[in-house]
Amino acid sequence: MDSPAPRKPAPESSRAGTGGAGMAPSGGPRVSPRVRARRRILAVWSTTALVLAGAITVGTVRTGPEPKTDFWATLKSQLQPLPARDVKVNTPPPAAVDLSSEIKRILAENPDYRIGVVVQDTRGGEPQRFGDTADYTAASTAKILTAVAYYALVERGERSLDTPLGSYDAGFQIQAMVNTSSDDSWLLLMKDIGYPELITYAASIGISYDPEQNLLTPVEMASLLKQLYAGQLLSPEHTEELLGFMQHTNDEELIPAAVPEGVTVSHKYGLLEGFVHDAAVLSSGNAAYAVAIYTWGGSDADSPERIEVFHELTTAVTGALFRR
């Protein structure tokens with residue numbers, strides 16, 4: 001290779017450093033421009049040699065007239081791919097259940113039953129009604145109305161939870177009426193309230209109720225639970241106590257059995273001669289809804305088919321109201 005022509009030395013005033021004439025800045029002998037140019041050429045040759053050596057090491061040595069191996073292609077072929085990273089994809093949450101469409105579907109698939117469903121937001125607004133929401137024999141769901149009416153008398157100073165009723169006091173009878181659905185406790189409490197007083201109290205909170213007929217609509221039942229949960233009927237202490245009784249009943253097979261984790265259920269079921277009902281307050285976080293499901297269907301009150309209707313309706317309601 002031909003050596004490049006030497007460059008003309010730069011004037012002394014442009015050189016780096018402060019050494020004297022004929023000396024490098026460090027104090028050593030000054031290097032001529034020609035020598036510096038040769039050193040640069042040698043440096044380039046050394047780098048090229050190293051690259052070629054790497055190509056021979058990584059690639060395959062060939063002999064004969066075959067073309068030289070492309071260094072970059074060979075190097076690429078020898079490299080192992082990096083392991084794939086676990087990429088977390090933020091998938092959108094499932095779409096909320098269309099409550100109206102889903103409940104209508106369930107009702108259409110169960111034409112042998114008379115079914116009424118009401119959903120009421122405890123914060124207010126109009127209730128959502130589905131199916132047949134006329135009067136039903138209320139069965140034991142009306143026991144919540146009796147409990148509320150008795151607590152109201154206690155708060156007015158006209159009764160006491162320590163009042164003897166039967167073999168126990170009134171407080172015990174309220175708990176037994178709700179926890180175990182005791183009919184004996186119910187009769188004792190209604191008698192102590194008095195039927196006229198119970199009718200008057202029900203009317204004062206927007207419910208038309210005659211204990212001798214024991215008829216309620218699911219709309220009225222949902223309204224009762226909404227008012228109770230919202231603190232519109234009783235003191236905070238009595239409200240909490242009654243809702244607590246409703247969280248521990250002797251029959252949890254209907255609404256409670258289909259409620260997802262994280263949702264609290266305070267409910268009262270009712271079973272009587274083909275009538276199967278469940279009415280509950282479902283709450284999670286700051287949201288709470290009163291839900292009343294009333295059904296009638298002949299003599300199959302305890303059948304798996306009837307229970308499954310409650311489970312399907314509850315799943316639809318919670319899926320629409322408590323989206324996660």
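This is a predicted model: local features need pLDDT of at least 70, side-chain atom pairs count only at pLDDT 80 or more; totals for chains, interfaces and linings use all residues.
Asn 214 counts as buried, at 10% relative accessibility, where buried means under 20% relative accessible area, exposed over 50% and partly exposed in between, with a 1.4 Å probe and protein chains only. Its phi is near 55°, a positive value in a residue other than glycine. Most residues other than glycine have a negative phi. Asn 214 sits in the loop between helix H7 (195-204) and strand E6 (215-216); helices (H or I, at least four residues) and strands (E, at least two) are DSSP runs, numbered from the N terminus. Glu 273 also has a positive phi, near 45°, and is found in the loop between E7 and E8. Residues are numbered from 1 along each chain as its sequence is written, and side-chain values use heavy atoms, with hydrogens and water left out.

On the scale of the chain, there are ten helices and nine strands. Of the 324 residues, 42% count as buried. Contact here means heavy atoms within 4.5 Å. Among contacts between residues at least 6 apart in sequence, 59% join residues at least 24 apart.

Now for the sheet. Five strands form an open sheet in the order E2-E1-E9-E8-E7, with antiparallel pairing; two strands pair if DSSP finds at least two bridges between them. Strand E2 (128-131) and strand E7 (264-272) stand at the edges with a single partner strand each, so one side of each has no neighbour in the sheet. From one strand to the next, the twist averages 10°. Strands of a sheet pair through backbone hydrogen bonds, either parallel or antiparallel.

Going through the pairs, E7 is joined to strand E8 (residues 275-284) by nine bridges, and the two run antiparallel. Thr 264 stands opposite Ser 283 in E8. E1 and E9 pair in the antiparallel sense over eight bridges, and four bridges join E1 to E2, again running antiparallel. Val 117 has a bridge partner in each of two strands: Ile 293 in E9 and Phe 130 in E2. The hairpin of E1 and E2 has six residues between the strands, and in this hairpin Gly 124 takes a positive phi near 125°. As for cover, seven of the eight residues of E1 are buried, so E1 is largely enclosed by the rest of the structure.

What does helix H8 touch on the sheet? H8 packs against strand E1 (114-121), E2, E8 and strand E9 (287-296), and its direction makes about 155° with that of E9. For such angles, axes are lines fitted to C-alpha atoms, for helices over the stretch in contact, and the values run from 0 to 180 degrees between N-to-C directions. H8 is mostly covered, with ten of its twelve residues buried. The buried set includes Pro 218, Glu 220, Met 221, Leu 224, Lys 226 and Leu 228. The geometry of the helix checks out too: at 1.5 Å a residue, the twelve residues of H8 (residues 218-229) should span 16 Å, and the end C-alpha atoms are 16 Å apart, which agrees. That expected span is 1.5 Å times one less than the number of residues. After H8 comes Gly 231, with a positive phi near 75°.

Val 219 is buried, at a relative accessible area of 17%. Leaving out residues up to four places away in sequence, Val 219 touches Val 118, Arg 129 and Thr 133. Val 219 and Pro 127 are 92 residues apart in sequence, yet 7.5 Å apart in space, C-alpha to C-alpha.

Elsewhere, two other helices cross. The axes of helix H5 (residues 170-179) and helix H6 (residues 183-193) come within 8 Å and cross at roughly 130°. That makes H5 oblique to H6; angles under 35 degrees count as roughly parallel, over 145 as roughly antiparallel, 65 to 115 as roughly perpendicular and the rest as oblique. On the H5 side, the contact is made by Ala 170, Gln 173, Ile 174, Ala 176 and Met 177, and on the H6 side by Ser 185, Trp 186, Leu 188 and Leu 189. The crossing of H5 and H6 is left-handed, meaning that the near helix is turned anticlockwise from the far one by less than a right angle, with clockwise giving right-handed.
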